[in-house]
Amino acid sequence: MDVIAAIATPLGVGAISIVRLSGEGAWDLVSRFFSSKRIEGSPTPNMMYLGRFHGKDFVEQCMAVYFAAPRSYTGEDVVELQLHGGVTVTDAVLKTLLEGGARLAAPGEFSRRAFFNGKVSLSQAEGILGVINAQSKSQLSAAGSLLVGSLHRRIQPLLDELQQLIWLVEASLDYPDEMEGELDEGFLPKLNQLSEGLRALLATADNGKLLRYGVSVAIIGSPNAGKSSLLNAILHEDRAIVTDVAGTTRDTIVESVSVEGVRLNLLDTAGIRETDDRVESIGVVRALSAAERADVVVYLLDADRGETPDEELLQRFTGKRVKLVYNKIDLTEAPQGYFALSAKTGEGVDRLLKDIASLVKTDVVSEGVLSEERHLEAVTIASKHLDSANSAYRAGETLDLVAIDLRAAYSALGEVDGATATDRVLDGIFSRFCIGK
Amino acid sequence: MIKREYQAIVIGAGHAGMEAALALSRLGEETLLLTIEEKSVAMMPCNPNVGGTGKGHLVREIDALGGQMGLAADHSLLQIKMLNATKGAAVQSLRGQTDKEVYHRYMLDVIAHTPRLTLTEAEAVDLIVEEGKVAGVVLSTGVEIAAHTVVIASGVYLESRIIRGEESYQEGPSGLKRASGLSKALARLGVPIRRFKTGTPARIARDSIDYSKMEVEEGDTDVYCFSYLTHTKLVEQQPCYLTWTNERTHDIIRANIDRAPMYNGTIKGVGPRYCPSIEDKVMRFDHPRHQIFVEPETLTGDTMYIQGMSSSLPRDVQEQMYRTIPGLEHCRFVKYAYAIEYDCIDPLALYPSLETKAVKGLFTAGQVNGSSGYEEAAAQGLMAGINAHRYLEGKEAVVLGRDQAYIGVLIDDLVTRGTNEPYRMMTARAEYRLTLRQDNADRRLTPLGREIGLVDDTRWNEFVQKCATRAALDAALEEILPPKVTAPLLQKGGEVPKTGIKAKDIFVHQGVDVKEVYALPEFASFPYEVFYEAAIDNKYRGYLAKEREMQAEMRALEDKVLPADIDYNTLDNLRLEARQKLNAIRPRTLGQAARISGISPADVNVLIICLVKRGKEGA
């Protein structure tokens with residue numbers, strides 16, 4: 001069985017979160033990213049190792065346990081990674097593993113594998129049933145939400161287009177006499193158009209995550225610009241609901257507030273205070289890289305000192321939502337045309353939060369977005385298969401191979417909308433083309 | 001009054017009945033084969049060809065298992081074509097034009113030479129059932145014949161009706177007698193009966209056609225055979241002809257559409273969408289013209305089959321519209337086109353063994369199960385015959401997987417998903433299209449056929465020999481070919497090799513022609529069929545590996561057999577719809593349950609857990 005992976009703990013709550021993998025080669029996959037001084041060669045099963053998980057642009061200190069088949073939950077090789085409970089880091093670890101070759105587990109798939117390997121006890125069975133029921137319930141309520149509705153509206157036309165392409169290909173394979181020449185024109189442009197559509201959909205993926213996990217906001221600025229005061233001002237704002245979010249070594253989230261239904265995760269960029277030290281200082285690097293990964297960067301400037309933005313610093317955030325904010329308007333006037341506030345008096349703080357929230361909200365509401373990891377993966381996979389169909393077709397590969405990629409794309413994309421392929425494909429063929437003798 | 005006793009009775013001697021009866025008698029059962037008239041034995045009442053996309057695969061599989069259809073088709077071949085030759089090995093299918101007369105006579109001859117097989121002209125009108133088990137049949141003469149198993153392969157003969165415009169006859173196809181009584185018996189026993197329809201075009205006198213106005217359609221220059229055992233190749237192929245309808249044809253149809261039984265409500269049966277009548281095509285699609293293929297029905301006879309002109313319009317309209325077609329201006333009708341309506345069963349009432357759920361030992365195969373086509377019928381007949389024999393022996397039924405054979409896809413579709421129209425095989429229906437190729441049918445199925453007992457020594461020895469050749473070829477393909485040798489092969493794909501390439505890897509490169517590689521002296525001693533199969537296996541290596549992964553997952557579900565006595569209504573955690581569907585269809589395995597339409601993956605997971613609970617609590 002291939003290696004499946006999923007987050008095994010509820011997202012966003014709890015001090016730790018667990019990413020679980022199951023399947024042959026699960027440890028090999030993890031060991032490409034995870035290292036521990038205590039492991040020489042292969043790990044001892046059931047031992048917990050402290051080590052580091054190296055992602056593309058982050059390092060996370062975490063624990064890893066390896067359970068060797070058949071003595072594991074699923075009866076297969078299982079690896080569990082215990083991470084700090086932050087949503088972003090858990091997500092990043094999962095994503096790294098998926099890119100490394102694991103497949104996102106379908107709901108209930110771990111249990112299903114456990115069942116097939118004879119590993120499910122009665123009490124486990126009861127528990128699993130609860131999970132499945134809860135999952136379908138939450139899926140049901142999600143399905144009714146505006147968000148999924150609008151996502152669906154964007155995926156549906158793409159699915160329809162893909163279907164038409166498949167009809168064309170399958171009909172010309174099963175009805176060669178009648179369909180002769182039908183495929184030649186229009187196939188490639190249609191395929192390209194569809195790929196474009198998927199890419200555009202993927203580009204909105206981040207917005208979906210923003211709504212689900214919250215928006216990470218980094219406040220940066222030179223020492224004395226008033227970052228801490230601003231943070232305090234935000235946290236003491238009456239309308240802001242303050243919750244504790246466990247800190248992570250990577251994202252250094254200190255607090256999270258909810259503004260107009262959007263969760264803002266405020267990142268601690270205390271490290272930036274060390275900018276006077278050598279630029280290489282680890283603290284600064286970490287603070288800056290946290291800011292680079294943030295969804296929104298608030299660049300705080302000292303109006304009193306007549307500070308101007310550091311262009312070099314701004315360049316690091318190209319393509320990001322950066323809000324330039326002048327602080328200390330209680331002391332002096334800010335330059336024209338800039339957002340201004342006083343962290344000390346609280347003037348303008350409320351407006352800043354609303355601005356940030358609406359910055360994200362507009363995007364989310366105006367477009368269908370991929371709110372779920374699963375949808376994201378489905379569209380990503382579909383997009384990959386279409387690209388491969390495209391290159392196969394252009395390279396003159398035979399149509400049976402092109403069809404495989406199209407079918408794979410369809411079954412991936414169909415997961416978003418729950419369509420079953422075969423019936424629809426056949427129905428389409430018959431209603432669209434005049435075939436048969 | 002019981003006249004005689006047989007081990008098995010097969011009702012109907014069409015393509016399904018033939019394979020069922022041959023399999024049963026070859027496996028050692030005293031078998032009675034009933035036919036309404038001798039003329040209808042292995043008759044081709046519609047198109048004069050065997051194979052086609054997907055269907056060609058079925059014929060190869062039937063042959064690989066030790067069935068008869070491939071050999072019969074090769075024996076009566078007039079023309080052969082490999083369809084989709086340029087579209088990839090996975091979708092290539094053989095289609096052969098056959099001589100209907102020769103095919104029919106060949107099968108009569110096979111029956112005559114098969115021990116334990118008796119052919120009788122008689123009509124079965126009822127079934128004898130004792131304690132839920134089939135015990136024999138009642139003939140229209142009142143005679144009862146006992147048997148321990150019965151295969152119904154009654155084709156389109158049950159309560160059939162021929163319709164042509166205002167005319168309507170209670171007849172079987174081609175003016176033969178219809179069968180009445182049997183569908184009432186089935187209904188009485190609890191098998192749901194439905195009404196389907198199909199149609200056939202006119203037969204035109206060969207000498208009344210002006211072929212100079214048509215395009216000639218020749219067979220392939222590469223000559224193939226259906227059977228792995230056929231080694232003689234067709235020397236002289238007969239051409240077919242291509243012509244088109246035009247606006248005048250369509251105008252006549254539109255003007256008379258109220259006289260078409262399909263449109264004025266006379267026909268209530270459900271017809272196949274893939275086999276539309278010409279009036280259907282004209283009314284549904286706004287095309288300026290439709291293709292018409294003119295095909296010989298026999299080598300020596302005087303009729304031509306007008307493929308694409310199936311119709312239920314009255315005779316006078318048929319004459320008008322056929323004569324608008326270039327080449328048919330002065331055509332003479334030997335038989336007019338007609339629609340036929342008939343009783344068939346809902347195949348959801350069957351187990352994957354093709355045994356009815358209602359009566360033990362009673363099997364059904366072919367068009368009576370809601371399929372269409374000679375090949376689909378033969379495939380079911382073969383499996384029903386095999387499983388009827390295994391029923392007598394008390395052995396577990398042979399059920400082919402969807403990853404094993406098109407036959408498996410066909411039967412699983414019918415008994416798990418059901419069908420709302422006559423079911424035709426298509427390659428689009430197969431999930432594992434690269435695995436289920438027509439070239440490798442023997443490797444997929446001949447060992448199983450041997451185990452079943454239908455693969456005789458001749459076929460088995462040839463197969464073993466072929467496997468040895470393949471092993472030697474695989475070794476030869478491990479050799480590294482120097483750039484000098486590979487350069488001309490890779491030229492088409494625009495590649496210039498710098499280092500040597502393993503012979504087996506060359507097929508993965510773009511634009512490499514298998515035949516050009518085969519022409520290398522290294523491979524001269526290998527037969528092309530074996531070489532081609534190896535080339536495709538290597539070319540598709542990566543894709544095949546992916547398919548195998550998917551298959552492994554499906555197999556895991558397929559290996560979990562569901563308890564036969566389970567009452568799904570007691571599984572409270574299942575959705576009501578799922579419970580009802582599962583109770584109605586009673587799937588054999590979890591895999592089959594998962595494929596029932598309306599059963600979601602979540603339902604399957606719940607089902608899995610319920611079963612675990614049930615097992616643990618019960619223990």
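**Figure 1. A salt bridge between chain A and chain B.** In this predicted model, E397(A) and K539(B) form a salt bridge whose closest N and O atoms lie 3.2 Å apart. The term denotes a side-chain nitrogen of Lys or Arg within 4 Å of a carboxyl oxygen of Asp or Glu. The pair crosses between chains: E397(A) belongs to the loop between α12 (373-394) and α13 (399-417) of chain A, and K539(B) to helix α16 (residues 528-539) of chain B. Helices (H or I, at least four residues) and strands (E, at least two) are DSSP runs, numbered from the N terminus. Over all chains, the structure holds 62 salt bridges.

Residues are numbered from 1 along each chain as its sequence is written, chains are lettered from A and ligands numbered from 1 in the order in which they are written, and side-chain values use heavy atoms, with hydrogens and water left out. Local features need pLDDT of at least 70 and side-chain atom pairs count only at pLDDT 80 or more, whereas totals for chains, interfaces and linings use all residues.

**Figure 2. Domain 1 and domain 3 of chain B.** An automatic or database domain assignment divides chain B into domain 1 (2-195 + 344-452), domain 2 (203-341), domain 3 (461-544) and domain 4 (560-618). The centres of domain 1 and domain 3 of chain B, taken over C-alpha atoms, are separated by 39 Å. To the contact (heavy atoms within 4.5 Å), domain 1 of chain B gives 13 residues and domain 3 of chain B gives 10 residues. Between these two domains of chain B, about 1,000 Å² is buried, 57% of it from carbon and sulfur atoms; buried area is the accessible area (1.4 Å probe) that two parts lose on being put together, summed over both. L434(B), R437(B) and R443(B) supply 47% of the area that domain 1 of chain B buries against domain 3 of chain B, more than any other three residues.

**Figure 3. Salt bridges between domain 1 and domain 3 of chain B.** The count between these domains of chain B is 4 salt bridges. R443(B) forms a salt bridge with E533(B), with 2.5 Å between the closest N and O atoms.

**Figure 4. Confidence along chain A.** The mean pLDDT (the predictor's confidence in each residue, from 0 to 100) of chain A is 74, and 68% of the residues score at least 70. Within chain A, confidence is highest in helix α1 (residues 26-31), at a mean of 94, and lowest in strand β9 (residues 241-244), at 34. The pLDDT is below 50 over residues 237-251 of chain A, a stretch with 42 contacts in the model beyond near neighbours in sequence.
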